[in-house]
Amino acid sequence: MTSHTASLISFIDGQHERQTAFLRELVRVPSDNPPGDCAPIARRAAALLGELGMQVEAYEVPQELVQGNGMKSAVNLIVRHRFGPGGPVIALNAHGDVVPPGEGWQRDPYGGQIEQDARHGPVMYGRGVAVSKSDFATYTWALLALRHAQQAGAALRGSVELHFTFDEEVGGEIGPRWLLDQGYSRPDYALSAGFGYAITSAHNGCLHVEVSIQGRQAHAAMPETGVDALEAATHVLQALYAFRAELAGRRSATPGIGAPTLNVGLIQGGINTNVVPDRVSFRIDRRMIPEEAGHDAEGELRRIVDGAIAQRPGCAATVRRIMLAQPLTRLPGAEHLIEPLRRHAEAITGAEIPVHGVPLYTDARHYTQRGIPTVLYGAGPRTLVEAGGHNADENLRLEDLRKATQVVALTLADLLDAGS
């Protein structure tokens with residue numbers, strides 16, 4: 001495919017303004033999740049893809065699943081292009097739902113405003129511009145470049161599929177997982193949205209549970225006639241925090257990932273100041289390192305809660321799972337993605353491209369859980385912090401968009417090369 005490298009790069013360079021306009025149109029469609037009314041952004045994306053000459057398959061998720069996922073509407077999109085017989089099927093997945101903007105913005109979160117930066121050149125601002133509407137543009141133009149190369153005579157075999165989904169912010173259960181469960185796609189490899197100066201091969205998992213402590217209310221002037229749920233909850237929390245200290249000693253061998261974590265992020269309860277609280281609940285975020293894939297982290301928490309509440313007669317505790325996202329682990333075969341991504345990224349960016357893990361969790365795990373080798377790579381700077389992801393004034397350096405598109409296109413060309 002090396003004979004077509006210059007053609008691919010030239011095509012992407014020549015399409016940069018059109019690609020930028022495509023991304024701006026996506027940023028201008030609000031797709032906050034919550035509340036998760038994401039059918040409008042899916043329809044707009046499908047229309048834009050259609051204008052580029054792509055055949056778009058739209059899969060509307062049944063409403064009962066949408067509501068069960070805490071959303072209002074969801075439509076998943078697949079674009080397929082078959083280059084030639086044989087060869088692998090490669091899925092490219094990015095999500096179009098975003099976290100709400102929040103406060104502190106200096107620009108319109110849905111404006112797609114472009115400003116000139118003295119160091120980095122043009123920068124686009126907007127919610128979702130980096131995470132991960134940018135990779136709608138990255139993956140779309142990588143596919144367009146390959147189609148252009150095929151028309152110019154490049155011998156390619158295999159297929160590329162674009163999987164554009166809209167529920168990552170609430171777990172991806174009715175996005176990538178649903179598409180795979182329904183049998184709408186069976187890829188051999190998957191590339192998921194990420195940042196262009198590193199390849200992510202692993203990430204943490206996440207468990208959210210709610211712990212409810214039940215006591216018995218009483219007048220505060222006679223507290224001995226009740227059973228204080230808050231006191232019991234404090235005892236349970238002490239046991240959990242002791243366990244958190246234990247988790248800090250479990251270190252991951254994956255670069256970029258430290259130790260498992262436990263955080264109590266929400267607590268509520270009580271009736272009034274002058275009433276012994278009869279019920280207290282709190283929510284736990286438990287992050288699992290890749291080495292804990294398959295580990296019963298929920299059962300471990302339940303045992304700690306049960307052991308602690310047993311020491312508080314008259315109180316009871318229940319543990320309810322809210323969400324479970326398994327860690328992303330590197331599967332055999334992932335090197336077929338990693339090697340060309342790294343080689344082309346280092347050549348195009350002039351930077352060293354590490355292969356590492358991140359402490360977040362993403363939709364990529366839904367592919368690896370089905371045995372599909374998967375890594376994360378896409379447009380953006382070195383870190384989520386640099387991009388302002390999930391923060392005010394989220395931004396994307398448009399030069400990073402161009403370079404990432406070239407890297408992805410060249411990598412796909414290597415994987416689909418009929419002469420390899």
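**Close-up views of a predicted model**

View 1. Helix H2 covers residues 16-27 and helix H12 covers residues 398-416, and the two pack with their axes 11 Å apart at an angle of about 110°. Angles of 65 to 115 degrees count as roughly perpendicular, and H2 and H12 are therefore roughly perpendicular to each other. The crossing in which H2 passes H12 is right-handed.

**View 2. Helix H12 also packs against helix H5.** Here the axes of H5 and H12 come within 8 Å, and they cross at roughly 45°. That angle makes H5 oblique to H12, and the crossing of the two helices is right-handed. From H5, the residues Ser134, Ala137, Thr138, Tyr139, Trp141, Ala142, Ala145 and Leu146 take part, and they meet Leu401, Ala404, Thr405, Val408, Ala409, Leu412, Ala413 and Leu416 of H12. The residues of this contact divide into 13 nonpolar and three polar, with no charged residue among them.

**View 3. Helices H7 and H8 cross obliquely.** Helix H7, residues 229-247, and helix H8, residues 297-309, have axes that come within 9 Å and cross at roughly 135°. The two helices are therefore oblique to each other, and H7 passes H8 in a right-handed crossing. On the H7 side the contact is made by Ala232, His235, Val236, Ala239, Leu240 and Phe243, while on the H8 side it is made by Glu300, Leu301, Ile304, Val305, Ala308 and Ile309. By class, 10 residues of this contact are nonpolar, one is polar and one is charged.

**View 4. The protein is divided into two domains, and a record annotates one span.** Domain 1 is made of residues 3-203 together with residues 327-416, whereas domain 2 is made of residues 205-325. The centres of domain 1 and domain 2, taken over C-alpha atoms, are separated by 37 Å. Where the domains touch, 13 residues of domain 1 are in contact with 15 residues of domain 2. An unreviewed UniProt entry places the feature "domain: Peptidase M20 dimerisation" at residues 202-306. In the model this span is 28% helix and 33% strand, and its end C-alpha atoms lie 32 Å apart.

View 5. Pro34 and Pro35 are joined by a cis peptide bond with omega of about 10°, and Pro35 is placed in the loop between H2 and helix H3, residues 39-51. A cis peptide bond also leads from Val131 to Ser132, with omega near -15°, and Ser132 lies in the loop between strand E5, residues 121-125, and helix H5, residues 133-151. Although His390 is not a glycine, its phi is positive, at about 60°. The loop that holds His390 runs between helix H11, residues 384-387, and strand E17, residues 395-397.

Note on methods:
Residues are numbered from 1 along each chain as its sequence is written. This is a predicted model: local features need pLDDT of at least 70, side-chain atom pairs count only at pLDDT 80 or more; totals for chains, interfaces and linings use all residues. Side-chain values use heavy atoms; hydrogens and water are left out. UniProt positions are given in the numbering used here, feature names are shortened, and annotations may be inferred rather than shown by experiment. Helices (H or I, at least four residues) and strands (E, at least two) are DSSP runs, numbered from the N terminus. Axes are lines fitted to C-alpha atoms, for helices over the stretch in contact, and angles run from 0 to 180 degrees between N-to-C directions. Angles under 35 degrees count as roughly parallel, over 145 as roughly antiparallel, 65 to 115 as roughly perpendicular and the rest as oblique. A crossing is left-handed if the near helix is turned anticlockwise from the far one by less than a right angle, and right-handed if clockwise. Contact means heavy atoms within 4.5 Å. Ala, Val, Leu, Ile, Met, Phe, Trp, Tyr, Cys and Pro count as nonpolar, Asp, Glu, Lys and Arg as charged, and the others, Gly among them, as polar. Domain bounds come from an automatic or database domain assignment.
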